[in-house]
Amino acid sequence: MSFDYSIILSSLQNVLQLQILLFLTIGVIGGLLVGITPGLGPTLAVALLIPITYTMTPEVGLSLLIAVYVGGMSGGFVTAILIRMPGTPASMATLLDGFPMTQKGQAGKAIGNAIVANFAGTVISGVCLITFAPILASFALRFHFAEYTAVCIFALTTVAAITGSTPSRGIITAVLGMLAATVGLTPVDGLPRFSFGIPSMEGGIGLLPALIGLFAISQMLKDSNRQMSSSQHDIVAMGGILPKRKEIKRNLFNYFRSGLIGTWVGVMPAMGGGPAALISYAQARNASKAPEKFGKGAVEGVIASETANNATIGGGLIIALTLGIPGDPTSAVLLGGLMIHGLQPGPQLFINNPEVLYGIYFSLFFSSFIMMLVLFLSVRYLVKVVNIPKYYMQPILLILCVAGVYSLNNRIFDVGVMFAFGLMGYVLERFRYPLPPLVLGIVLGPLLEANFRKMLASEGSLLPLVQRPISLTFLVLAVVSLIWAHRLRKATMLKK
Amino acid sequence: MRLFLYLQIHFEITVVNVFMENSNSKKDSDELKETNQDRWLGIFLLLIGGGLFWRTFYFRTFDWDTLGMAFWPRVLLAILALCSVAHIIKGNIGNDVSEPIQKRGIILFFGAISYVFLLDIVGFYLLTPIAACFYSIWLRPFNKHTVITAFILAVGGTFVAYLIFELGMGVYMPRGIFE
């Protein structure tokens, strides 16, 4: 790919206009608020903004959409860290260590590192977007059913890393998640399964209601075990916010590895930020010298999850801009935004409208920088949320959870699913069964089933899994990852 | 080849170690308490799984699809059954002791389920403030101040939800009796 420096400079000048910078700031703040609110995500925010951008020039309109996308992807971690409620599915892995850090009085440290990780993730994937977009896009096109099946198997091996000392409990919760995902219309046949004649069940179990139920509602059920007087509520210390230079230096490889994992997962259609964050989290744990600290408040876990989560933005844009294939729902809506402005995504975009493309690249960088600034300036106020007494906070959260979950599909059934998963999460946690594998099962179950069945239908055997180089590579990685996790578990047990 | 041999030997050693640890840990009384809970959950999952497995025989089948839509759930249910049986027989799955399930948590859950059933009949804007008010009062010792703050919170929270979702996003919540 050749670079036309005059076009790059003019695109940079365009983005540096006061009007565009203002729109980027508004977009980022709006996106952050949407990301924080349960039930609302970047997809909805971008979709709502598209009609507004219609009257704007493509540069301004697309900058606004990109800013909302970056803000929306980043905002989810705030509630995940502070109150154990993931604003978006992508921030699910963040709460595994973020919330324990808050409980230990290190909320500021967790949020500070998450902010830097968000910025790093967006920048790493942005650099990949600029330099390797065509190569990565052609790599993504080589993914067929066998490759997707192998990737899903590899992603499922992260269960071993996020389970702790009891793998069979992790397997049970992962299988329960995959079983929950089989409810409703099948991905291959489009026919109802386990719907028991109830029409609402045919719509299936949504990821976000399940996620909010498992983590936020189960926490409410847990907190309701005792009455709290006004003098009794826990005051959580915030600690320092800005990550120390030594800390950033120590985690440089973690940032880099997680950024690349996030970009790679983002390139693959239908994967998204949730699996990226979990895979990255598992790899960070495998690479850590103190894996036993993961799940109890390890900052490395927060960094890995948030870097990978935001790196899917660049990854998603790579395949969306170069081939016109949306990697996730938000990219799909963003492509709609491009088309509304008369721009056709795909290879022709690089030839016919390079200034728009560079505008998108610069918007991505500036948005992530503005996001970092806004979050650092507001974090002291955000963290105060933790110190609001729970008897004030929880009724408000409950109302927002109900309204947010209902707003996803306008279905009361989803609210019921949220509460049912709340009870499930509460009971499983009491019995020391890990919850993250359950979410991983819900995310990966339908992907694995659909690709596995399509592979068998088209190829007639399991052989493509080991005959095709990419799928074989992922299967080998899956085995290595399992052995590595097993060795780590043994080492941790010996340390104890 | 050497790597393969190394992995095989390492795997065998660890399997033996795990077996030894499990048999040793049976002596610990805390873990015996744990075993019962794992066992009860295993029995529960086995029963539920059995019911779901039976249900898969009623799924529609097609000649052109060799696997059919029952294939994947059956694979999952088989894994679940295996793990459940292992939990029932072996026990002592972990070294950590589980916490008892509290009555207040279960009461709250049933309150939440009642809320879901009433939502369509009563409507979001009437039922939610009442439910949130009760929830807030329930979390604290009862007194006049508690009731007033709970009422303000419940009405304020519902109003915020109205502003964000209905006015901001155009999502119409269930109207219930106001329909």
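Chain A exposes about 17500 Å², and carbon and sulfur atoms supply 68% of that surface; accessible areas here come from the Shrake-Rupley method with a 1.4 Å probe, and for residues only the protein chains shown count as cover. Before I go on, a word on the ground rules: this is a predicted model, where local features need pLDDT of at least 70, side-chain atom pairs count only at pLDDT 80 or more, and totals for chains, interfaces and linings use all residues. Residues are numbered from 1 along each chain as its sequence is written, chains are lettered from A and ligands numbered from 1 in the order in which they are written, and side-chain values use heavy atoms, with hydrogens and water left out.

So, chain A as a whole. Its secondary structure comes to 22 helices and two strands; helices (H or I, at least four residues) and strands (E, at least two) are DSSP runs, numbered from the N terminus. Of its 496 residues, 64% count as buried, where buried means under 20% relative accessible area, exposed over 50%, and partly exposed in between (1.4 Å probe, protein chains only). If we take the contacts in chain A with a separation of 6 or more, 79% of them are between residues 24 or more positions apart; contact means heavy atoms within 4.5 Å.

Now let's turn to the partner. How many residues does each chain bring to the contact? Chain A gives 69 and chain B gives 77. The area buried between the two is about 6500 Å², with 75% of it from carbon and sulfur atoms; buried area is the accessible area (1.4 Å probe) that two parts lose on being put together, summed over both.

You can find it between Arg169(A) and Asp38(B), where the closest N and O atoms are 3.0 Å apart.

Which elements of chain A make up its side of the contact? Those that each supply at least two residues include helix H9 (167-181), strand S2 (192-193), helix H19 (412-430) and helix H22 (469-495). The largest share, 14 residues, comes from H18(A). By class, this side of chain A has 42 nonpolar, 16 polar and 11 charged residues; Ala, Val, Leu, Ile, Met, Phe, Trp, Tyr, Cys and Pro count as nonpolar, Asp, Glu, Lys and Arg as charged, and the others, Gly among them, as polar.

Two backbone spots next. Most residues other than glycine have a negative phi. Phe194(A), not a glycine, has a positive phi of about 50°. Phe194(A) lies in the loop between S2 and H10, and counts as buried at 3% relative accessibility. Ser195(A) is in the loop between S2 and H10 too, and is buried at 9%; leaving out residues up to four places away in sequence, Ser195(A) touches Met201(A) and Glu202(A). The other spot is Arg432(A), with a positive phi of about 65°. Arg432(A) sits in the loop between H19 and H20 and is partly exposed, with a relative accessible area of 30%.

Let me finish with a few individual residues. Beyond four places in sequence, its contacts include Ala117(A), Tyr255(A) and Gly259(A). Ile248(A), in helix H11 (residues 245-250), is partly exposed at 27%. Ile248(A) and Ala117(A) are 131 residues apart in sequence and 9.5 Å apart in space, C-alpha to C-alpha. Ile248(A) does contact Val116(A), Pro243(A) and Tyr255(A), with neighbours within four places left aside.

Over in chain B, Glu166(B) lies in helix H6 (residues 144-168) and counts as buried at 7%. A polar contact of 2.4 Å joins its side chain to that of Tyr125(B).

Key: A salt bridge is a side-chain nitrogen of Lys or Arg within 4 Å of a carboxyl oxygen of Asp or Glu. A polar contact is a pair of N or O atoms within 3.5 Å; within protein, one must be able to donate a hydrogen and the other to accept it, and residues adjacent in sequence count only if both atoms are side-chain atoms.
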